[in-house]
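Trainee: Could you take me through one part of this chain closely, beginning with the annotated domain and going on to the sheet and the core?

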Amino acid sequence: MGSEGIRRVESLARSGIESIPKEYVRAKEEVGNIGNVFEEENKEGWEQVPTIDLSEIDSSDEVVRKKCREKLKKAAEEWGVMHLVNHGIPSEVIQRLKKAGEEFFSQPVEEKEKYANDQESGEIQGYGSKLANNSSGQLEWEDYFFHLVFPEEKRDLSIWPKEPPYYTEVTSEYAKKLRGLASKILEILSLELGLEGGRLEKEVGGLEELLLQLKINYYPICPQPELALGVEAHTDVSSLTFLIHNMVPGLQLFYQGKWVTAKCVPDSILMHIGDTIEILSNGKYKSILHRGLVNKEKVRISWAVFCEPPKEKIVLQPLPELVTETQPTLFPPRTFAQHIHHKIFGKTQEALPK
Ligand SMILES: [Fe+2]
């Protein structure tokens, strides 16, 4: 059917409604405890998402280097999510990337519709909104722009935003730098499992097969944020996910039985361990449940890059070195496509990372 008739959340938000349509209203059990996200962000007194300073990751001092790597390992084991600071990606690149995305989304909806994807025919790249995909017809309070950014030869530049004109250049630059960071992190995660440095990188497809997919999430102001979700609770299927945002809070992590709101840490990149690494590590590293809140004051925009193994080529299962009598395998062998299918079983919509 193409994109006609799909209601963009931005249009809905701009229409001046005071109450949200029922498709966006979540079940009480799902959102019963949602508060104001700005107050939630400032709550002290419970554990916070760990911050890992990567400046010492390559220190020539072995003790310093080891300490830094162990911190990252601990964060991956206990939380599966962390703020990375001193990550080596120039802040100028990140600022320009954000500006490009903000400029694209600041255009009228009609302009953005020119890039509309067509999920029903499998064209998932482009401008989109979640389709009602099951009997409940439940929707999320967001629009997005989704496209592959790495490897470069697999990109389809013809569907990338042409406005602003520097979008392609800065997004390519960010993707290239992020690919380097992903290798670095995979190396540390491998070493800390007692494996060779390049092992996880190889297991998820290496330079040629690991796909980096960018999703710019646009969460309009919501008149009833206590009833809606920008993104429903899920774990990422990726190997790693890297996330930056416009310093408006919204991300919540389900940690030790309660929802913890991630603070906005300047110049950081938030990184998730995804299901793929959880599986390969036989559950040693965690893929944490998380969701996105919306608010009635500020538009939130986030830029998520999902680093995904190829859909069919690799069978994901715990690495044999990590399976022992005392630590039996926790996951059945599955391709990435099978894993996604298993997770969305019962839903009809083409799987799109969140
Ligand atoms: Fe996610």
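Mentor: The UniProt record, an unreviewed entry, places the annotation "domain: Fe2OG dioxygenase" on residues 206–309, with positions given in the numbering used here, and such annotations may be inferred rather than shown by experiment. Residues are numbered from 1 along each chain as its sequence is written. The model is a predicted one, in which local features need pLDDT of at least 70 and side-chain atom pairs count only at pLDDT 80 or more, while totals for chains, interfaces and linings use all residues. Over residues 206–309 the chain is 10% helix and 43% strand (DSSP runs numbered from the N terminus, helices being H or I of at least four residues and strands E of at least two), and the end C-alpha atoms of this stretch are 9 Å apart.

Four strands make up an open antiparallel sheet in the order E6-E11-E8-E9, where two strands pair if DSSP finds at least two bridges between them. Strand E6 (231–234) and strand E9 (258–261) are at the edges with a single partner strand each, so one side of each has no neighbour in the sheet. Strand E8 (residues 251–255) runs antiparallel to E9 and is joined to E9 by four bridges, and Gln252 stands opposite Thr261 in E9.

As for the core, Val305 is among the residues with the most contacts inside the largest nonpolar core, along with Leu178, Leu189 and Met271, and that core has 85 residues (buried Ala, Val, Leu, Ile, Met, Phe, Trp, Tyr and Cys joined through C-beta atoms within 7 Å, buried meaning that 20 or more other C-beta atoms lie within 10 Å of a residue's own, with C-beta atoms placed from the backbone). Helix H7 (residues 167–191) gives the most to this core, with 11 residues.

How values were computed: A residue is buried if 20 or more other C-beta atoms lie within 10 Å of its own, exposed if 12 or fewer, and partly exposed in between; C-beta atoms are placed from the backbone.
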